[in-house]
Structures are given as C-alpha cells and as structure tokens.
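Here is a short report for a reader who has just opened this entry. Take a look at the sequence and the structure first.

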Amino acid sequence: MTGLQLNPDFAIADEESLRRLFDPTHSLAILKSQDSLGEHAQEFIRRSPFLCIGTQNLEGKADVSPRGDPPGFVKVLDERTLAIPDRPGNNRLDTLSNIIANPSVGLLFVIPGFDDTLRVNGRATLTNDPQLLKGMSITDRVPKLAIIVRVSEVFMHCAKAFRRSRLWSPDHFQDRTEMPSLIKIILDETTGAPRDRDEMQKMDEELEQDYRRTLY
C-alpha cells in the first residue's frame with residue numbers, strides 16, 4: 001500500500017483558515033455550553049452505562065479509553081463534580097497516569113438507543129477514599145480508586161454522528177466472526193498466533209474465562 005502524499009498547499013494550519021471553510025455556528029451551539037451539570041445532564045449521566053474518557057500526557061500524547069458499568073455507575077456528587085470508579089483492566093494505566101501528569105479530561109456519555117450524547121470537560125484527580133469507593137462496589141468488589149472530575153463545561157451533542165453510522169440499527173450490526181478474535185489480533189501483530197486451531201480456540205476460551213473472573 002502506497003501512502004498518499006498530501007499537497008502542503010492545502011494544509012489548514014490556522015484557525016482563521018479553518019473558519020473560512022464553514023458557515024458561522026448557530027447561537028444555540030454556543031449558548032448550550034454550561035459550566036455545571038444541570039437537571040437534564042445529571043439525569044443523562046445516571047442513565048448512561050458507558051462513557052469514553054480522553055486524556056493527554058505532558059508531551060501531548062493523547063489517549064481515549066472506554067468505561068462501562070450498569071447505568072448510574074458514574075456518581076454525580078454535586079453539580080460540578082463526578083466520580084468514576086476504576087474497574088480491573090490490563091494495568092497499562094494509560095488514563096490514570098495521564099491524569100496525574102495532565103488533569104484535563106474530556107468525557108463522552110452514551111446511552112444505548114439514544115442518538116444524542118453528553119459531553120463533559122473538566123479537570124480530574126484520583127482518590128482511594130474508602131468511604132466513596134464502598135458505594136461503588138459491585139458483587140462486593142470495591143474498586144481500587146475513583147476518578148474525580150471537576151466539571152468546567154457541559155453540553156449535549158447532536159444526533160448526526162450516530163444517525164450517519166446507524167449505530168443502534170440491528171440491520172447494520174456486523175458479524176464479529178468475520179474478523180479474528182481479540183487475542184489472535186494481538187498475537188498476529190506481536191509474537192505470532194499459533195497455527196493450530198485447537199490451541200487458538202483454547203486461548204480464546206481462556207480469555208473469556210478471564211473476563212468472567214476479573215470483570216470486577
């Protein structure tokens with residue numbers, strides 16, 4: 001595959017050049033941005049079982065991580081403060097390390113079946129306060145820590161992206177078996193996956209068992 005060579009004459013390198021490409025934004029798109037969590041934003045968060053959190057380290061390396069739990073897993077502590085439990089993962093700690101280095105975060109809350117989303121920006125800290133964490137336990141398993149987000153900006157995001165993608169339409173769901181399993185993809189791109197199908201199947205089954213054992 002030959003990479004496309006972009007013509008530098010067409011690079012958009014400053015905001016003035018960017019803005020000339022688009023019509024002025026609607027006044028409501030500006031007014032909708034709030035600095036605290038109103039009634040509807042709080043209800044959206046309580047209904048949401050899934051979010052993505054964007055972070056950056058000091059060098060500007062960006063990361064986006066998914067977080068999911070039963071609806072209401074993100075606690076609204078007050079109109080400017082959220083608490084997100086940190087569940088067991090792969091222990092890379094990308095998000096958590098980034099927060100220590102650079103507390104600015106962006107959150108995108110999603111509700112299954114809703115085409116619109118909620119965006120929240122703010123500054124994050126980490127805590128292992130036992131009183132807070134106890135209220136975030138699931139199946140008697142308490143998270144090691146929580147991400148506390150001090151909210152600075154909140155606004156609803158329109159439905160266009162979800163409608164274009166038809167994300168919730170069952171007739172547009174794709175067959176997961178048309179791509180290799182997660183563990184095979186990782187092995188293909190690193191140490192190499194076993195050629196023996198039975199061995200590969202065993203590794204896939206072990207991954208599923210690990211999911212069940214370490215979900216919380």
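In which strand does Thr81 lie? Thr81 lies in strand 4, residues 81-85. Helices (H or I, at least four residues) and strands (E, at least two) are DSSP runs, numbered from the N terminus.

This is a predicted model, in which local features need pLDDT of at least 70, side-chain atom pairs count only at pLDDT 80 or more, and totals for chains, interfaces and linings use all residues. Residues are numbered from 1 along each chain as its sequence is written, and side-chain values use heavy atoms, with hydrogens and water left out.

## The whole protein

The protein has 8 helices and 7 strands. Its C-alpha trace spans about 60 × 55 × 40 Å along the principal axes. Of its 216 residues, 27% count as buried. Buried means under 20% relative accessible area, exposed over 50%, and partly exposed in between (1.4 Å probe, protein chains only).

The protein exposes about 15,600 Å². Carbon and sulfur atoms supply 53% of that area. Accessible areas come from the Shrake-Rupley method with a 1.4 Å probe; for residues, only the protein chains shown count as cover.

Contact means heavy atoms within 4.5 Å. Among contacts with a separation of 6 or more, 64% join residues 24 or more positions apart.

## Thr81 and its partners

Is Thr81 buried or exposed? Thr81 counts as buried, because its relative accessibility is 10%. Its side chain makes a polar contact of 2.9 Å with the side chain of Asp78. Another polar contact, of 3.1 Å, joins the side chains of Thr81 and Arg150. A polar contact is a pair of N or O atoms within 3.5 Å; within protein, one must be able to donate a hydrogen and the other to accept it, and residues adjacent in sequence count only if both atoms are side-chain atoms.

Not counting residues up to four places away in sequence, Thr81 touches Lys75, Val76, Ile148, Val149, Arg150 and Val151.

## Two loop residues

Lys61 sits in the loop between strand 1 (50-56) and strand 2 (62-68). Lys61 is exposed, because its relative accessible area is 60%. Neighbours within four places aside, Lys61 is in contact with Thr55, Gln56 and Asn98. Gly89 is 28 residues from Lys61 along the chain, and their C-alpha atoms are separated by 20 Å.

Leu21 belongs to the loop between helix 1 (15-20) and helix 2 (27-31). Leu21 counts as exposed, at 57% relative accessibility.

## Aromatic pairs

How many aromatic pairs does the structure hold? It holds 2. Rings of Phe, Tyr and Trp (its six-membered ring) pair if their centres lie within 6.5 Å; planes under 30 degrees apart count as stacked, over 60 as edge-to-face and the rest as tilted.

| Pair | Centre to centre | Angle between planes | Type |
|---|---|---|---|
| Phe44 and Phe114 | 5.9 Å | 80° | edge-to-face |
| Phe162 and Trp168 | 5.9 Å | 40° | tilted |

Phe44 lies in helix 3 (residues 39-47) and Phe114 in the loop between strand 5 (104-110) and strand 6 (117-127), so their pair ties together parts that are 70 residues apart in sequence. Phe44 is buried, at a relative accessible area of 6%. Phe114 counts as partly exposed, at 32%.

In the other pair, Phe162 is buried, with a relative accessible area of 15%. Trp168 is partly exposed, with 31%.
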